[in-house]
Structures are given as C-alpha cells and as structure tokens.
Amino acid sequence: MEKESRPEPDALLAEAAKEGRGRLKIFLGAAPGVGKTYAMLEAAQRRRADGLDVVVGVVETHGRAETERLVAGLEIVPRTQIPYGGRLLSDMDLDGIIARRPRLVLVDELAHTNVPGSRHAKRWQDVEELLATGIDVYSTLNIQHLESLNDVVARIARVKVRETVPDKVLELADDIELIDLPPDELIERLRQGKVYIQDQIARAIQNFFSKGNLTALRELAMRVAADRVDAQMAAHMKSHAIPGPWPAQDRVLVCVNEAPVSKALVRAAKRMAERSRTDWIAASVATPQSEHLPDAAKDSIAETLRLAGSLGADISTINAESHVADEILAFARSRNVSRIVLGRPRPRLFTAWFTRETVAEEIIRKADDFEVTIVSADPGEARKAAIRGAALVPERDPKAYLWSAAAVAAATAVAIFVNRIFPVESLSLFFLVAVLGVAARFGLWPSIFASGLAFLSYNFFLTEPFFTFEIANQDLVLTLFLFLAVAVVTGNLAARLRDQAHAQRAIARRTANLFDFSRKVASVASLDDVVWAAVTHVASTMQCSSMILMPDASGRLAIVGGMPPEDQLEPRDRGAAEWAWDKREPAGWSSQTLPSATWLFLPMKSAGRIHGLLGVQFGTRQYITAEEHRLLDSLVDQVGIAIERTKLTSDMEQTRLLAETESLRAALLSSVSHDLRTPLVSIIGAATSLVDADAALGATGRRSLAETIRDEGERLNRYVQNLLDMTRLGYGALKVARQPVDLREVVGRALRRLDRDLVGHRIIRDLPASLPEVSGDAVLLEQVVTNILDNAAKYAPDGSQVTLSAKAIGGEVTLTVSDEGPGIPEPDRAHVFDMFFRVRAGDGQPGGTGLGLAIAKGIVDAHGGSIRAEAATKEGAGTRIVVTLPAAAPPGVPE
C-alpha cells in the first residue's frame, strides 16, 4: 500500500507563524544604479492605482528627476527629527507609520544604519516591526549588503561594505524581484550622471564599477535570487505534501577563535549551509589559555559568535583541556556533523610551538570521516594574526619575579650546603624543584625567568672556576645548556598544568553557582524571596548590577528587586525594557535593539508565558562573552521556572481555598435546606394545628402542640447559634473572658438546657466536690458541654446511659462525656471535629448540621485546651469525648 503523503509539521508551523504578519517584497539589485528604487516606485504606483492604501516611509531619490516624478502622488509620512551631536538628523518615523497603519509602506535602503538614539540600530529591524504589526512592506537591497556575502564582495570589488543585512531578513521576504542591468548599460548610466555626481564617476568606473566586478556581482545576485526561489518552492512542497526527492540533512560545523579570518569562516559556513539546505553550528573552543586572552581577543570571539547567531547558527562551546583537535572531532561526531570549516593555519613564531598545538593540521590528519573545508584569510591580516601564543604576554606583577629570585636563591644556598657536606652530581635537581614551584605558583614567564636565573646561578656558584661564568670543564657546557632547556620545558608544562587547574576551578565555580542558585530558589516559596535570590545571585555570579522588572497592577513594568537596590530607569533604558517585554526578545546594551541603553534586558519565560525581565549592567565593559551569555540564559531560565513555580503554588492554594469554600457552601446549603428546615416544618405544622383545631382538641392536645413548638424552636435556636459561633470562630472574633469557672455548674446548666432531649437517657454524673475550677468563659464552656451532650442524645439509643465525669491531673482538668451508642469508626475520629462532617456509619445519621463538635473544638482551642474522640469500650462501641482545660490559678496568683 502506498504511504500517505502528509504536510510536514515544521512547514505548516512556519506558514501559521505568518498569519497576521505583513508581506515583505524586496527589490534586489546586483549593484547600485540598476533601478531598484525606480522599480519599487513603479510597483507602488500600480498598487495605488488599484485602490491600495500606499504611503512612503522613506525613499532616497538621490536627486534623480525620473525617480522624483514617481514619488509624486504618493502620501509621504514626515520623517522624525532625532538630536545627535548637537544637531537634528532626520530619519524614518517608525511610530508615525504604525499609527497611520497603511496597507503598504515603501522603505528604501534596507541596509541603512539608523541615527544613534533610534529604537533600532538598523532599518531592517524597523521593517521587522512593521511586518509584525501587519503592514506590508516594499524595500530595496543591493547584493553587496548581504551579510554572508560581505567578504566575497570585498574580494571581488576590493571594497569593504560596512552596512550589512543578516540573511534571515532575505529569508523573511515573501517575494524577491531581481533588478538587473547588463554591465555595459550600467556603466553608460554611470557616465550619464544617473548614479553618481560628475566628480565621482571616473573613480567609480575604475574601481567598483569595472565590468569584471559588475559581472561577478550580477552572478551573485542571480544565484541568491535563484536560491531563494528554490527555498520557497521547497517550503511550498513541504506544506502541501507534494512528494519529491529531499536531500539528507547533514550539518556544517565552523570553528572560530580570535583570528580575523573567523568572520569570513562564519559567512562561508552560512553559504555552504544555505546551498546544501543544512543546519550549521558555530563553535568556539574554551581552553585553559582562553582565560588569559586579552580583552580585545575575547571581544572578537564574542562578536564573531553574535554574527553567527544573527545568521542562524546554533552556538556552542567546546571545552578542551589539551587535545583541542580530538575534542572538536568528538563534538562533531556527537552532533552528526558532515563538514568542518576551518581557517588556514596562521603563521607561527618559533616560541608558539611550545605553547600552542597545530589544531588545523591535526584535524585534517585525523578527520577521515569528515569533509574539511579550509578558508584562507587576507594575507595582510594573516601576517598580523601570527600565532605568538597566549604565554607571550609577560607577567607584569614584580612580586612574581622577586619570589622567583628568592626561590632560586634558596635552591642555590641548599645546593652549596649539600655540595660541601657530601658532593653529588645531581645538584641541578634543587634548581628544577625551584623552577617547578615558581611555575605552579606564578605561571610561565616567572618560571622562564627562574630557569635563566638558575642557569646563571648554577654556573656561577657550582661549576669550576667558582664565582665566574667561565666553564673550565668543557663537558659541562652541554650539561648546563641541557639543564636550561629542561628547566624551561618543565616550567612550561607546570605552568600549563596550573592554567588548566585554574580553568577547571573556574568551571567548577560556575557550576556550583548554578547549583547553589537552583537549590536556593527551590527552597523559597514566595515571589519576593525568588526575586531577591535571583538578583543577588546574578550580581555576584556575573559581577554586574542586576534587577528584575515585572508588571504592576496597572500593567506597567516596575522594578521589583535590584542589586544594588535601584528604583529608577533612564528613559532609554525603560524604552529597551518595554520593547523586550512587548516583543519577548532581548533588548538594550550589546543587543541588536536599542543598543545605546546601558542595561541589557532578557525576558524570563517558561511554559510559553513571560513573567518579567531580568536586567544586567556591566559598567564600562563593551562586550559579553558567549560563555557569559549562555550562563546568563541559564540563570534567566531558572528564574523564570522559579517564578512559574511560585505562581503555580499560589494558584494551587487559591484553587484549594476555592474548593474548600465551595465544599463549605454546599454543606451549608444542605444544612440550611434540611437541618434548619426540619424544625421549621414542625413549628409551622404545630402552629397550624393550633390555629385550625376546634374545641375537641382539648387542653392536653393544645399543650402538646405548644411544647412541640417550644422544643423545635429551641433546637432551631441551637442550630442558628452554632452557625453564628462558627462564623465568629472563622473570623477570629471569638473573645474569651477568662475567669475561674466551676465546671460542675457549667455541666448543670447544660443538662437543664437539654432536659427534654435527654429525657429518654440515664444521666450519670461523676463530678467530685473537690474538682478545681477551670480558667475560661462560663458561657462558652456551657456551649461546649451542650454541644457534646446534644451529640450524645442524638446518637445514643433511648434507655442508654450517658456518663459525665471529671478529674484533675496536674494543672489541668479533664471532662469526659461517654455514651453507649454504636460508636465512631476509627478513620472518622480525627474528622468529627471538622465543619459539616457527619459520620456515615456507626452512630447512624440523625438530623444535625455537623457543626456542634467543630464549634466545641474551636472554643476549647481558644481556651488553650484540647478535645478528642475515642471509643468508650475496648470493643469499639460507644463514644467518649474527652475535653482538657487549664485549671484556674489559686487566689492571689496571677494567671
């Protein structure tokens, strides 16, 4: 049976993501002057003639009359004025266009750099925002401004283009129209002054606009347009389940470092991945020497990785202690990489052979199962970037060299002393120990200094003739120089081991910080505690200022925590924060959105929800490394999860409270509808009989009905009183007026209140006269005893015995009420004091609200006592309620 063809989910999701977005059409030119803007305006005029709402956001006519004529008739959104450098500069009014909300807007020169202080650094970012609001955009772009072709164009035209556009912008385009002219026609237009002014024409023809350059650029433009059309066709086939021979999905790995060729590597890898329709990975290698790279080198690596990220690469870091090539190959195999892109090995100075391994050569030799592509750098840049080794930056701390000299002096003294007592041939070992110690403590350069000093000291003090640098025994010359070489190599190895140990400690410290933060936020329950733990940990771990912003009750972002404490943001920083919140993307310092801000804001997201923003500020630093960025992302994710957990806990608590409230409401309605209605029915029935009865009813009958009304009225009064008491207990309004209370009087009043309910039971009272008084409220304690006796009257059968006993134990008095009913099942004994709980078995199910014992427990707890239920007999029959109350203090002793 033929397999059913189905659309690919990723393709359908990509199409769904475009719902509600505007459409982007790019007029792609092979070179300046081919007529991109002219073609865009012609298309816009046709759309306007069809009745479409078209406005001009920004169009650069460059003084060309034919272009200016096409602008006529189109509505132009006035440009905004931005202060910069003491004057006002004009640029496209992004907010004005969004407020105008046309159907189509014309935005010329997609690669344009905005005036500093604008919301976005680049115009293509403005276009992204316009598309997100549902506005269609026509824009123009020259092929030399495409980021992945930047170095290719530089080689062709020998001109470095500074303004570039990430390839992802071209991928967002729904339509691409290639605007092209044959080289001869374009050169003729140039000569006629239709591209540049007269004094620039000759220089342009000799340089950028040579026929060879134009032909090469034309080929690049056609290839890019063809690739984009092919990608659109493939996406269409995938989303519509059109069968086709899809290529296998391989991966490209590009390895970058601080070398200038790294950016060219990234662009080359992007082109390879684009042509092969494959994923690609940009990886940097972290070694012990990486910690000692100068800031400029770290900045270069971070900038290269940001470039790779903007071009769509998956960013990774490979940790390697020594064998870098092996680690790269192992990483490539683990990620199913098929092609590795490397830079041509840089020229190496002699000293570099002692400090750095030849990574490229090793990979080429060992990568039997990979395709390895070597990309060459510009020869001038390659010479400037010759590998000198990280260790060629000398140690500048003078104390390190003083300690080195002291170590060699100590080794010399020990060697002289040993040589005088019992001469040996291995005195050089004392100096090697000193060199090893210096290398392990201070690094390579002090160890080299110690090696040279040890060589001179050994020659001066321990070789004949003594106290000169002459060597009488020619056999010792080779020995001394071998000693120097061994000392240098040994010191180098010890220094590298020291660097590796430092790097491992740094990694362990970061890992411990992450674990500590995870444990810390897992142990806190409130949102305030999570915020405080987050800002303090981020500030201490990243060595920066940190803050968390979350929306307040009005929906405005507010600072909820900061380290150091901060409660205000500058307008540019608040603009970056609001942008990051609205778009759910990083914004601010070192990002591509509002980079002039001093804070970097990262959204804290989890489960598809955004909870707030984490802001970091690094002072005067100009960059953030890729490793720091990943650590920051991990912290942001952990904070988001922690905030989500606290919100879920709060939601669960609210849900529990709602469920309990609903349960109580249902129980109360049941009680009102049944238990309160029963005495009312009896009262109404008896009263009706009294009203409608004739003289034959007699005095006895009337008295019986009146007693029924009285008894049921009293029962109804107890129910209502219980409800009121429970309300007072629930709101904490129950006040205990403590005074010495005779428990026997309390029991007597309760029995009198229930004399009719207990008329069928035998009441046994075992209340000794010597029973001490208790400390409490007589009225409330009477209510406790009444509720317990009422419960016994309901559940114990007629003719059974109800026993009340009391005794004093220490400073407490215990009152016990026992009945001979069926008893309470053991699992229910802990719940009989819950509101509205009624036993479903055992004692039966007579009428009642299920509040009596709950109120008794509330009153006893307010007195500082306790109450419990247990079986009256060993067989489990009967019920015994035991109440323990504090005894009153003797007269004259304060309670």
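**Overview and details**

Biologist: How many helices and strands does the chain have?

Modeller: This is a predicted model, in which local features need pLDDT of at least 70 and side-chain atom pairs count only at pLDDT 80 or more, while totals for chains, interfaces and linings use all residues. Residues are numbered from 1 along each chain as its sequence is written, and side-chain values use heavy atoms, with hydrogens and water left out. Helices (H or I, at least four residues) and strands (E, at least two) are DSSP runs, numbered from the N terminus. On that basis the chain has 27 helices and 25 strands.

Biologist: What percentage of the 895 residues in the chain is buried?

Modeller: Buried means under 20% relative accessible area, exposed over 50%, and partly exposed in between, with a 1.4 Å probe and protein chains only. By this criterion, the buried share of the 895 residues is 44%.

Biologist: Which residues of α16 are buried?

Modeller: Helix α16 covers residues 398–421. An α-helix has 3.6 residues a turn, so residues three or four places apart point the same way. The buried residues in α16 are Ala400, Ser404, Val408, Ala411, Thr412, Ala415 and Val418.

Biologist: Which residues does Thr803 touch, not counting residues up to four places away in sequence?

Modeller: Thr803 lies in strand β22, residues 801–809. Contact means heavy atoms within 4.5 Å. With residues up to four places away in sequence not counted, Thr803 touches Ile764, Thr816, Val817 and Ser818.

Biologist: What distance separates the C-alpha atoms of Thr803 and Arg762?

Modeller: Along the chain, Thr803 and Arg762 are 41 residues apart. Their C-alpha atoms are separated by 8.2 Å.

Conventions:
Expected span 1.5 Å × (residues − 1).
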